[in-house]
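Please have the sequence and the model open while reading.

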Amino acid sequence: MIVLSATDICKSYGTDVILENISFHVNGGDRIGIVGANGAGKTTLLDILSGRSRADSGNYFISGDLSVGYLKQNDSFEEDRTLMEEVHEIYGGYERQEQELASLSGAIADLAAAGKTDTDEYQGLMRRYGDLQDRFDRDGGYSWKSEMRGILHSMAFGENYYDKPIRSLSGGERTRLALACLLMRKPDLLMLDEPTNHLDIGMLKWLEQFLRNYRGTVIMVSHDRYFLDQLCTGIFEVEHHHLKTYRGNYTEFARQKQEQREADLRAYNKQQTEIQRQEEMIRRFKQHGTEHLAKRAASREKRLAQMERVDRPEAEVGSMKIHFHQNFQSGKDVLFAEGIGEQFRTEDGVRRLFENVDFDIKQGDRICIVGPNGIGKTTLLRIMIGELAPTEGYLKVGHNVEFGYYDQRQQQLDPSKTVLEEVHDSFRLYKDGEVRGILGRFLFRGDQVFTQVGALSGGEKARLALLKLMLSGTNVLVLDEPTNHLDIDSKEIFEDALLEYPGTVIAVSHDRYFLNRIATKIFELGPEGITRFEGGYDYYEEKRQEIGSGKQYIGEIESAVGAAERQREQAAGGRETADPENGSGSVLSAEEERQRKKQQQAEERRVQRAREKLEAEIEKLEAEIEKLQEKMCDPAISSNSKKLRELDEQVQADQAALDEAYDAWSEL
């Protein structure tokens, strides 16, 4: 069933055409990804569909019985509210229903205590209570609190955030809260503008799973190719002011687009060849000057004029031209660290980011660092390049190492300078004409070179920072979230340049497509150090699942611990382990043994802490249930139907929590 359709939508700002004759339809349950270059009009289209902007012409239709939720790039929170006040507004209906149920329960208990259970009033209240309870249950009233906490937790909002005012949250936290609130509302049609911004890999995976199981329809603007691959049933591309639709995920879209472009180009070239042949024959017929040939020339001219011309395929949108080089090569050893740790003081005392960080980076490595938000990945990069001194540990920089640093916040750019000045002042050996030529390769053309840096968009600042990095000629590129703000075409050009770069690359990234293409090793940073994985993201994820919650620790705690001990013995003895790539046996190296042992020990500590916490919770709940049941046996309470009902509800709630705790304990 079609839930949304658009016909001939047009939008301009002054003389700048943004969208022209946009037409499409979306079926219920579709998950549509909208892609295109920065500035192509993707957000403008969402604004029109959500009613926040008006089209100049054309119309669109959204099924009248659908609720619509829109995640904008800028939120509209009330600054003085706390996080929990903002969230509670969403669930106010459940709280009102709970109050009504409690009121009805009290009235029923009063009538029962007065011996009026056979009255019409009592029977009416019971029916009303039953109907309300059924609706409350059907709408998820008994699970809203756990759902709310689950969504907040998945967006990295623990209980310590609940009473924080909105104005104290960072930009990334506000974006995550806006997404969390939208998901809690469960609209029938979700419109999401760059929903993956500010999410770490764990959050991205949770959001993918949530949207994959979402019963409604999803339309999202995104540059995250991995995210689009995992979720989308269709892709809408906005290019040259028009929109084309494709079925399938991002990979299918890229294949179909390339095939269609090649077919269109072949058809155009074939027709142009035929036109040239006909024009040449007409010219020759006319040259001879005979009446017969003149008639034949006129006949061919008429057929040529009536030919339906194939339009020349539009040129692809302008893209960066980037090539990284190194002025000289570094030594074989680039960076070596042992026991690196970092901590800082807060109002509540000392907070430790990480400790026991060890690594040995060689010339030509392409290292990608991953980990949850707030773990200290950017801090670690700044330690590597010497901007920060570690709290503890030893760091050695190799011979002839020259760092080039890409800062995701672009703080190395001067907002008061023009684009031309920013580049020329850093690289004075280039003449103005040469600098303008280089800027043109990064899509800064004409008067754009005189734009102040502070007035540039996020994508334009990213391109400018990459340009300066390209000109630096350094032999170690240290990149902090380099694909943020880049559109898909720019990302792929940037990745191609990194693959050709002969130097060393160290990058922090949440872009899983980037991780798959670029990384030769992945470093997962945690509070207790780095866990190293060979290969790209897919291999990392496969191995992480094996090491983590799955295979070693499923089942009873005793068998899990026993399995871990057996694996430690195998690692310590250097016994053969199956190679996941080819199935053959290979003796573990000393480094692999050390990494595996470290991973297993960290996982054991995590499981132990989780188990102890659950066991304490189980003990507390069992004691509470026993105490409540003893109260219910008290003759003074057992004759009070209202009090008895309240105690019974408390017992049921505690029992449900106890069952959940036992389930979690058994999984560990």
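## Two helices in contact

In helix H12, the residues Val419, Leu420, Val423 and His424 meet Asp432, Val435, Arg436 and Leu439 of H13; contact means heavy atoms within 4.5 Å. The residues of this contact divide into 5 nonpolar, 1 polar and 2 charged. Here Ala, Val, Leu, Ile, Met, Phe, Trp, Tyr, Cys and Pro count as nonpolar, Asp, Glu, Lys and Arg as charged, and the others, Gly among them, as polar.

H12 covers residues 419–426 and H13 covers residues 432–441; their axes come within 10 Å and cross at roughly 115°. Axes are lines fitted to C-alpha atoms, for helices over the stretch in contact, and angles run from 0 to 180 degrees between N-to-C directions. The crossing of H12 and H13 is right-handed. A crossing has this name if the near helix is turned clockwise from the far one by less than a right angle, and is left-handed if anticlockwise.

## Basis of the model and the whole chain

The model is predicted: local features need pLDDT of at least 70, side-chain atom pairs count only at pLDDT 80 or more, and totals for chains, interfaces and linings use all residues. Residues are numbered from 1 along each chain as its sequence is written, and side-chain values use heavy atoms, with hydrogens and water left out.

The chain has 21 helices and 20 strands. Both are DSSP runs numbered from the N terminus: helices (H or I) have at least four residues and strands (E) at least two. Of the 668 residues, 43% count as buried. Buried means under 20% relative accessible area, exposed means over 50%, and partly exposed lies in between (1.4 Å probe, protein chains only). Among contacts with a separation of 6 or more, residues 24 or more positions apart account for 69%.

## An open sheet and its helices

An open sheet is formed by 6 strands in the order E14-E15-E16-E12-E17-E18, with mixed pairing. Two strands pair if DSSP finds at least two bridges between them. The edge strands, E14 (403–406) and E18 (529–534), each pair on one side only. From one strand to the next, the twist averages 20°. Strand E17 (residues 521–526) runs antiparallel to E18 and is joined to E18 by 6 bridges. Phe523 has Arg532 in E18 as its bridge partner.

Which strands does helix H14 lie across? Helix H14 (residues 458–472) lies across E14 and E15 (476–480), and runs at about 175° to E14. Helix H15 (residues 488–500) lies across E12 (366–370), E15 and E16 (504–508), at about 150° to E15.

## A hairpin and a further strand

Strands E10 (residues 333–346) and E11 (residues 349–362) pair in the antiparallel sense over 10 bridges. They form a hairpin with 2 residues between them. Ala337 has Phe359 in E11 as its bridge partner.

E10 also pairs with strand E13 (residues 392–397), in the antiparallel sense over 5 bridges. In E13, Val397 is the bridge partner of Leu335.

## Nonpolar cores

In soluble globular proteins, nonpolar side chains tend to be buried together. A nonpolar core is a set of buried Ala, Val, Leu, Ile, Met, Phe, Trp, Tyr and Cys residues joined through side-chain atoms within 4.5 Å. The largest core has 55 residues, and those with the most contacts inside it are Val87, Leu152, Leu177, Met184, Leu192 and Leu211. Helix H6 (residues 171–185) gives the largest share of this core, 8 residues.

Leaving aside neighbours within four places in sequence, Met184 is in contact with Val87, Ile90, Tyr91, Met148, Ile151 and Leu152. Another core, of 46 residues, lies apart from the largest one; among its residues are Leu439, Leu464, Val505 and Leu515.

Glu98 lies in helix H3 (residues 92–113). Not counting residues up to four places away in sequence, Glu98 touches Phe136, Gly141, Trp144 and Lys145. Glu98 and Phe136 are 38 residues apart along the chain, and their C-alpha atoms are separated by 8.3 Å. Is Glu98 buried or partly exposed? Its relative accessible area is 27%, so Glu98 is partly exposed.

Most residues other than glycine have a negative phi. Ala156, in the loop between helix H5 (144–154) and H6, has a positive phi near 70°. Gln410, in the loop between E14 and H12, has a positive phi near 55°. Ala156 is partly exposed because its relative accessible area is 34%, whereas Gln410 is buried, with 10%.
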